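Subject: Structure handover

Hello,

Here is the structure for your files. My notes on it come after the sequence and coordinates.

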Amino acid sequence: MIRTAMIHEATADHLTSGEQEERQISRLLNGLSVMAALFLAGIGTKAWYAEHPVHAWVLWLFIVPVVFNMIWYAWKRDRAVQKAGLLITVGLLFAYLLASGGEGNTGPLWFYVFPPLLFYLTSLKGGTAILLFCYLLAVIVFQFPGLPLVTAEYSTDFKIRFFATLTFESIFCFVLEAGRLRARGRLLALAKTHERAARTDELTGLANRREMQNRLDTEFSRFKRAGHHFSVVLIDLDLFKRINDDHGHNAGDSVLRQFADLTHTVVRQSDLAARWGGEEFLLLLPDTSLLQALALAERLRAEVASTQFQYQGETLPVTISAGVCSISKAGSVTELLKQADIQLYNAKDAGRNRIAPRVRSQSTTEPTETRA
Ligand SMILES: Nc1nc2c(ncn2[C@@H]2O[C@H](COP(=O)(O)OP(=O)(O)OP(=O)(O)O)[C@@H](O)[C@H]2O)c(=O)[nH]1
């Protein structure tokens with residue numbers, strides 16, 4: 001009838017998917033920063049040998065903020081600063097390449113790197129706003145080549161092609177990123193549903209055995225670390241087989257659901273009620289002594305005994321028996337469950353519809369156990 005649970009190690013991954021994605025972005029940014037520094041060093045050297053020393057020095061100088069940003073991130077681990085630092089550096093570099101034309105007026109071509117990076121690192125709205133600002137910058141540089149710091153002049157053909165291709169690329173990146181975010185949202189919702197299902201008993205909506213085992217482990221760690229006591233109540237529906245036999249399996253299922261609903265009204269928010277097996281339930285009561293747990297179990301027993309369980313117009317006879325144990329009476333979770341199991345057996349053996357162990361309340365001489 002009753003089996004004591006074996007407790008398995010919880011192997012849940014505590015990282016949220018959002019945190020994982022942020023870590024992934026940071027790793028990507030580190031890789032891109034290294035690549036950017038190498039490119040800047042290489043193209044700067046090429047410009048040096050091509051007799052463009054000013055251009056070479058400017059490119060080499062851009063290595064400083066890129067490397068500084070990496071060191072700052074390694075030190076502070078601030079992802080927002082890492083993102084902003086890289087975006088500002090890249091933005092300034094592109095502004096310089098646009099204004100100077102780079103080597104052979106090919107500088108603006110580097111701009112194509114920006115849209116995918118921008119949408120990936122910021123939001124769709126933020127990315128669009130920054131891109132529009134960059135467009136405005138390009139329009140000003142193209143239209144007013146006489147402005148201070150602007151040394152490049154571009155042909156009309158180049159300007160038209162540059163804007164046309166960049167617009168095309170930006171729209172494409174926007175659509176792709178919007179699709180990626182939509183798919184990501186759907187996946188997260190799906191993962192959440194699956195995660196909830198993995199922790200919940202389908203029939204009753206209570207926590208399932210696996211979830212209870214995890215919570216028992218957590219509560220036991222809390223007890224060992226900070227001495228927070230907790231108790232468990234192992235409940236079994238009396239002569240449940242008879243309900244199935246007399247009224248059918250669906251009636252049995254309905255009783256299990258009604259009992260679960262009733263349990264919800266008795267336990268506290270911080271307690272956990274789980275379906276432990278077929279017609280067995282386990283309550284985990286944090287910060288609860290044995291006496292308090294016995295009182296709660298008794299309240300639930302009395303509530304069940306006085307409730308009319310209905311199925312298709314018929315009233316079904318339902319009572320429960322329960323074994324209670326506190327962690328202070330057991331050295332481990334396995335022992336705790338074993339003791340609760342023994343007490344449940346005692347309650348059944350003593351005639352059902354009762355709670356065990358029998359103890360006398362500290363404040364009154366009334367026994368906490370109620371007989372059928
Ligand atoms: N309807 C229904 N029945 C279930 C479910 N899980 C287990 N059972 C039934 O619960 C019954 C448990 O019967 P027993 O273990 O013999 O115990 P009992 O009849 O409750 O008698 P005591 O525990 O000794 O009071 C079995 O008939 C199982 O088939 C379920 O999900 N739905």
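Predicted model: local features only at pLDDT ≥ 70, side-chain atom pairs only at ≥ 80, totals over all residues.

Ligand site

The ligand is surrounded by 17 residues. Leu239, Phe240, Asp253, Arg275 and Arg352 are the closest of them. On the side-chain side, a polar atom of Asp253 sits 2.6 Å from a nitrogen atom of the ligand. Arg352 places an N or O atom of its side chain 2.8 Å from an oxygen atom of the ligand. With Lys241 the backbone is involved: one of its backbone N or O atoms is 2.9 Å from a ligand oxygen atom.

Helix pairs

Two packed helices are described by the angle between their axes and the distance between those axes. I give both for each pair, then the residues that meet.

α3 and α5. Helix α3 covers residues 79-100 and helix α5 covers residues 124-143. Their axes are 10 Å apart, and the packing angle is about 20 degrees. The two helices are therefore roughly parallel, since angles under 35 degrees count as such. The crossing of α3 past α5 is right-handed. From α3, the residues in the contact are Ala95, Leu98 and Ala99; from α5, they are Leu137, Ala138, Val141 and Phe142. By class, this contact has 7 nonpolar residues, with no polar and no charged ones.

α4 and α6. Helix α4 (residues 114-121) packs on helix α6 (residues 156-199) at an angle of about 30 degrees, with the axes 9 Å apart. That angle makes α4 roughly parallel to α6. The crossing is right-handed. On the α4 side the contact is made by Pro115, Pro116, Phe119 and Tyr120. On the α6 side it is made by Leu166, Glu169, Ser170, Cys173, Phe174, Glu177 and Arg180. The residues of this contact comprise 7 nonpolar, 1 polar and 3 charged.

α9 and α10. Helix α9 runs over residues 249-266 and helix α10 over residues 290-306. Their axes come within 10 Å and cross at roughly 135 degrees. The crossing is right-handed. Phe259, Leu262, Thr263 and Val266 of α9 meet Leu296, Arg299, Leu300, Glu303 and Val304 of α10. The contact divides into 6 nonpolar, 1 polar and 2 charged residues.

Leu124

Leu124 belongs to helix α5. Setting aside neighbours within four places in sequence, Leu124 contacts Phe119, Phe174, Glu177, Ala178 and Leu181. Leu124 and Leu181 are separated by 57 residues in sequence, and their C-alpha atoms are 9.4 Å apart.

Backbone details

The peptide bond joining Ala356 and Pro357 is cis, with omega about 10 degrees. Pro357 lies in the segment after β7, which covers 355-356. The other place is Leu149, where phi is near 75 degrees, a positive value in a residue other than glycine. Leu149 is located in the loop between α5 and α6.

Regards

Notes: Residues numbered from 1 in each chain as written. Heavy atoms only, no water. Axes fitted to C-alpha atoms, helices over the stretch in contact; angles between N-to-C directions. Helix = DSSP H or I, 4+ residues; strand = E, 2+ residues; numbered from the N terminus. Parallel < 35°, antiparallel > 145°, perpendicular 65-115°, else oblique. Left-handed = near helix turned anticlockwise from the far one by under 90°. Contact = heavy atoms within 4.5 Å. Nonpolar A, V, L, I, M, F, W, Y, C, P; charged D, E, K, R; others polar. Near = heavy atom within 4 Å. Polar contact = N/O pair within 3.5 Å; in protein donor to acceptor, adjacent residues only side chain to side chain.
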